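Hi,

Here's the structure I promised to pass on.

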Amino acid sequence: MPRTRSLAWSELKIGVLTIAAIVIAAATIFSVMGTRGFFWQRYTLKTKFGNVAGLKTGSPVRVAGVEVGSVTDVLFNGDAVDVVFEVNKDVRSRITSSSTAVLGSVSLLGLSAVDITPASGGQPIPENGYVPAGKTAPALSDVTASASEGIGELTGLIKDVRAGKGTIGKAVTDDKLYNELQQFVQAAGDVTRSIRSGRGTAGKLINDPKIANTLQASLSNLEEMTRRINSGEGSLGKLVKDDAFANSMVGATTNLRELTDRLNRGEGTAGKLMTDPALFNQLKSLADRLDLLTKRLNDGEGTIGQLLKDKQLYENMNGAVNDVRSLIAEIKKDPKRYLNVRVSIF
């Protein structure tokens with residue numbers, strides 16, 4: 001029977017120390033890598049920025065503020081810069097075509113990070129795919145430059161005010177303008193006090209309840225009139241509500257337009273009068289003749305003119321008429337005297 005060889009404590013000790021060293025090394029590597037995980041738990045993505053100030057290899061990559069990876073490389077790509085980074089595969093569903101990558105800040109010292117907005121609604125980005133770049137927030141240097149520019153403009157404004165430029169500068173340095181503003185404020189105060197005391201139209205409107213009641217009654221009447229119009233009462237109501245009345249108005253307008261068109265075309269007497277110059281000239285000639293005849297009558301020309309102007313002719317004619325009347329009256333009284341007819345037969 002073969003003899004069994006027993007393990008020596010020295011051999012067992014070496015194996016235990018080796019296993020312990022492997023465990024310690026693995027724990028160290030995992031602690032150093034933090035949330036990035038092992039290489040088989042990560043995948044590579046890219047994004048493109050116009051400026052990567054403060055971003056370098058090892059900078060963190062965050063999704064919704066949670067660190068999920070780190071930057072592995074920063075490369076020029078034409079006028080832009082490609083940023084290559086690795087993230088954990090468990091956030092693949094949150095980094096999609098609808099996500100955007102922007103430069104974020106880690107501290108006030110200028111260190112940057114890649115911030116990705118989660119968007120589960122799009123399509124997951126494949127390995128080595130590009131995450132769309134969003135609008136990068138202003139860096140601290142940009143904010144400082146803007147603040148410095150604003151301070152410079154404010155300083156210039158203060159200098160202009162002190163020099164008396166502009167309305168505010170004149171108000172600060174010009175005593176005349178200050179006095180005018182003070183007078184205006186005093187006048188405004190007087191107006192306000194007058195209104196509060198009930199003087200003037202505005203004061204009565206504010207303080208007199210009768211005027212307020214009158215306005216309320218007017219508004220009530222206006223509301224009632226509007227209600228009646230909306231219900232179709234009265235001429236305005238029918239014009240708004242009654243289709244037949246509206247059609248009649250349209251028909252009247254159409255007839256008026258047709259009449260105007262006929263006049264413009266010269267149809268009918270009125271149309272010819274408006275468009276036919278011969279008819280107009282004839283009427284004008286007739287009017288001129290009537291005017292001349294009237295003038296001659298007024299001047300006493302002709303028999304009728306003398307009759308109108310010559311008093312003696314009028315009296316003679318009047319006397320002749322009276323004599324004829326007297327003769328007719330005597331004939332009626334004694335017709336045999338004047339109407340004695342003899343008939344002789346031979």
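One term before we start: two residues are in contact when they have heavy atoms within 4.5 Å of each other. Also keep in mind that this is a predicted model.

Leaving out residues up to four places away in sequence, Ile95 touches Tyr43, Leu45, Val63, Val87, Ile116, Pro124, Ile125 and Val131. Ile95 also belongs to the largest nonpolar core, which has 21 residues. Ile95 is among those with the most contacts inside that core, along with Phe85, Val87, Val114 and Ile116. The elements giving two or more residues to this core are β1 (42–49), β2, β3, β4 (80–88), β5 and β6. β4 makes the largest share, with 4 residues.

Now the sheet. It's an open one, built from 7 strands in the order β5-β6-β2-β3-β4-β1-β7, and the pairing is mixed. β5 and β7 (129–130) are at the edges with a single partner strand each, so one side of each has no neighbour in the sheet.

Does that leave β5 buried or exposed? Mostly buried: 4 of the 5 residues of β5 (residues 101–105) are buried, so the rest of the structure largely encloses this strand. The partner of β5 is β6 (residues 112–116); the two run antiparallel and are joined by 5 bridges.

Cheers

Key. Residues numbered from 1 in each chain as written. Predicted model: local features only at pLDDT ≥ 70, side-chain atom pairs only at ≥ 80, totals over all residues. Heavy atoms only, no water. Buried < 20%, exposed > 50% of the residue type's maximum accessible area, 1.4 Å probe, protein only. Pairing = 2+ DSSP bridges. Core = buried A, V, L, I, M, F, W, Y, C linked by side-chain atoms within 4.5 Å.
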